[in-house]
Structure formats: structure tokens, C-alpha cells
Amino acid sequence: MVRTWISGGVLAAAGAAMTGFPVYAQKPDVVIVHAADFSSVASAMMKEYHTGVQLYFARVNAQGGVQGQKLVLRKMDDHFEPDITEAHTKVALSDPQVMAFIGPRGTQNIMRMLPLAQKAHTAVVAPAIGSSIVWDPKYTVSFPLRATYAQEAKVMANFSTSYGNHVGLLVTNDAYGKDMHAAVSRFLQEANTQAKMSVVAFDRKNNDFTTQVKAMQAANPNTVLMFCSARACGEFLKEWERTRRPGVQASMFITNSALDLSVLANNQHAQGVRLDTLVGTQVVPNPRVNFGNGYFEFSQAFTKANTAVSFAALEG
């Protein structure tokens, strides 16, 4: 099904032709679907992203919408489960008012969404990931805005080697984790750093990081690159501090944009974590300082809504 914008003028003209009297049809809403995780491991950031989109849509609608059509944001919680993402995508695509998806998250989830959206010619705008699949040229409906995970991993790896030539890598045991492992390995080889890499993997839904911490401490890297959610990173770091012993040298933990350090600081799973040992990369400007054009509009919208700003909210 090809998605098209229906003009109210066309509907009015058709009505007049049938009845002989002018018909002033109301233009239909434009429905944008945010199918993402709102109740599982990525829920904190997705809720903030969703709030950002809501506030922007409210501003557009207050100014008359898009060519007179109101923007409607529909939330669909996939619990970070690819099967649910696929089911939600099919349901959304059965509604002719749905014009696009916005901000989906999860490599496996988006791998299920994109083929269906491509077949239906429905845009997938600003996926909240940097996996290579959203840049695949065969998916012409994908409109990624953020840097790729590979680009972020390169920056992280480059920074980490300034602390020593042994890099630890904490990754999920899925497609996302494989992407991060490959990206860091590629950079270390291309940069000819002679750095050693120790990789420790974990299941995304894991709550016990005893095994992973023991393995990483045994490897004893200078830095640890962490590709995990606030919950997972928090649990790992808590266990690290609890069991850390003299001689374990890792003094710097580096996260990517999948984690906002402010979210980690307020996360119940990170109580007792030393935040002074953390460094994070991001793909949007710092929302808490004046980043130039659009800052005051963004800040005022969040102040009016009595909602805290965040990287994910600004991205949305």
C-alpha cells in the first residue's frame, strides 16, 4: 500500500459533485506511530524520546498542523521483543491513516520492521539506533538521523587507548553486540594501536553480572567500553565496585549514546556507582546548555511541560 496525503479540497470537490452543494470536509489526521520499548530495558530513554516528539507535535498542531492536518502520535509498546515489534508493525500498516513510524529502537526489532515498512512504502524516521541496517540502501524508507554505532565505537576506542593498550569490551550477545565488537576491532586494527581487547558478553535481560564482572576483572583491562542500558550498566558497575580488589586497574568506563549518564545517575540499579569514573558519547548536543538555534524553544517547551530535559528528549 502506497501512503498518500489526501487533500481536503479533493474530498470537498467530490462531495459537491455528488450533492450539488459545497461540502467542507475536515482533513484527516496524520498518524505517526512510535513503536518502541516503553516497559522493559530501554523504557527510560524511549519515554523521554516520546515526550520530545509529543512536545514538538503539540507545537506544530498549535500552528495549524501540516497543511491543515493534525499530527497524532500513537504509542505502541513492543517490550523490546522483536516478535511484538513485527506484530505491531503489521497492525499499524493496516491503518491507512498511519503515514510513518518514528523512533523505533533495537537492532533485532528494526530488522523486523523495515522489510514490512519498505513493502508498504511507509517511512521509518529517526530510528533510535545506529546499527548499520538503518543505513542499508535497499531500505529507501529508512531515514536515520544519528551517527552510526561504528562511528561512535571508533571515537570510544580511540579515547580508550589514551589510557592504555588493553581495552575491555562489555557487549550484548546479539546483533547489536556483534556490531560493536566488529567496529572496535576494526578501528584497533586500522589504527595499528597494538592494543589488546578482552570481550565479555551478556544477555540483554540479565540481572546478575557476577560472571561478567569476574571475567572482566580477571582480564584486567585499562578501560572498559560498555554497550548496555542504564539497568545493565548499573548492575555491572555495582558488582564491579562491590568485588573490586587491589591490582584491578580499570579506572575508566566509557558508554555510548545508548545510555544517558544522567539516566544512569538516577537509576535505582546504579546506587553506589562511582560516576566520576564514567565517560559517555552522545549524538545530539548537550540539552542542558545553549547549543544554538532551537535551544530556547526546546528549553521553554520542556519548562512549560514541567519535564526534565535529556539527550533522548532532544533527539525525539
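Colleague: What makes Val134 buried or exposed?

Modeller: Val134 has a relative accessible area of 2%, so Val134 is buried. Buried means under 20% relative accessible area, exposed over 50%, and partly exposed in between, with a 1.4 Å probe and protein chains only.

Colleague: What kind of model is this?

Modeller: This is a predicted model: local features need pLDDT of at least 70, side-chain atom pairs count only at pLDDT 80 or more, and totals for chains, interfaces and linings use all residues. Residues are numbered from 1 along each chain as its sequence is written, and side-chain values use heavy atoms, with hydrogens and water left out.

Colleague: Where does Val134 lie, and which residues is it in contact with beyond its neighbours within four places in sequence?

Modeller: Val134 is in the loop between β4 (123–125) and β5 (142–143). Helices (H or I, at least four residues) and strands (E, at least two) are DSSP runs, numbered from the N terminus. Contact means heavy atoms within 4.5 Å. Those neighbours aside, Val134 touches Ile110, Leu114, Pro127, Ile129, Ser142 and Pro144.

Colleague: How much of the chain is buried?

Modeller: Of the 316 residues in the chain, 48% are buried. The chain has 11 helices and 10 strands.

Colleague: Why is the link of Cys228 and Cys233 called a disulfide?

Modeller: The sulfur atoms of Cys228 and Cys233 are 1.9 Å apart. A disulfide is a pair of cysteine sulfur atoms within 2.5 Å, so the name applies. The count by this rule is one disulfide. Its angle about the S-S bond is 85°, and the link of Cys228 and Cys233 is right-handed. Cys228 and Cys233 are both buried.

Colleague: How are α3 and α4 oriented to each other?

Modeller: Helix α3 (residues 82–93) packs on helix α4 (residues 107–120) at about 20°, with axes 8 Å apart. Therefore α3 is roughly parallel to α4. Angles under 35 degrees count as roughly parallel, over 145 as roughly antiparallel, 65 to 115 as roughly perpendicular and the rest as oblique. Axes are lines fitted to C-alpha atoms, for helices over the stretch in contact, and angles run from 0 to 180 degrees between N-to-C directions.

Colleague: Which residues of α3 and α4 meet?

Modeller: Among them are Pro82, Thr85, Thr89 and Leu93 in α3, and Gln108, Arg112, Met113 and Leu116 in α4.
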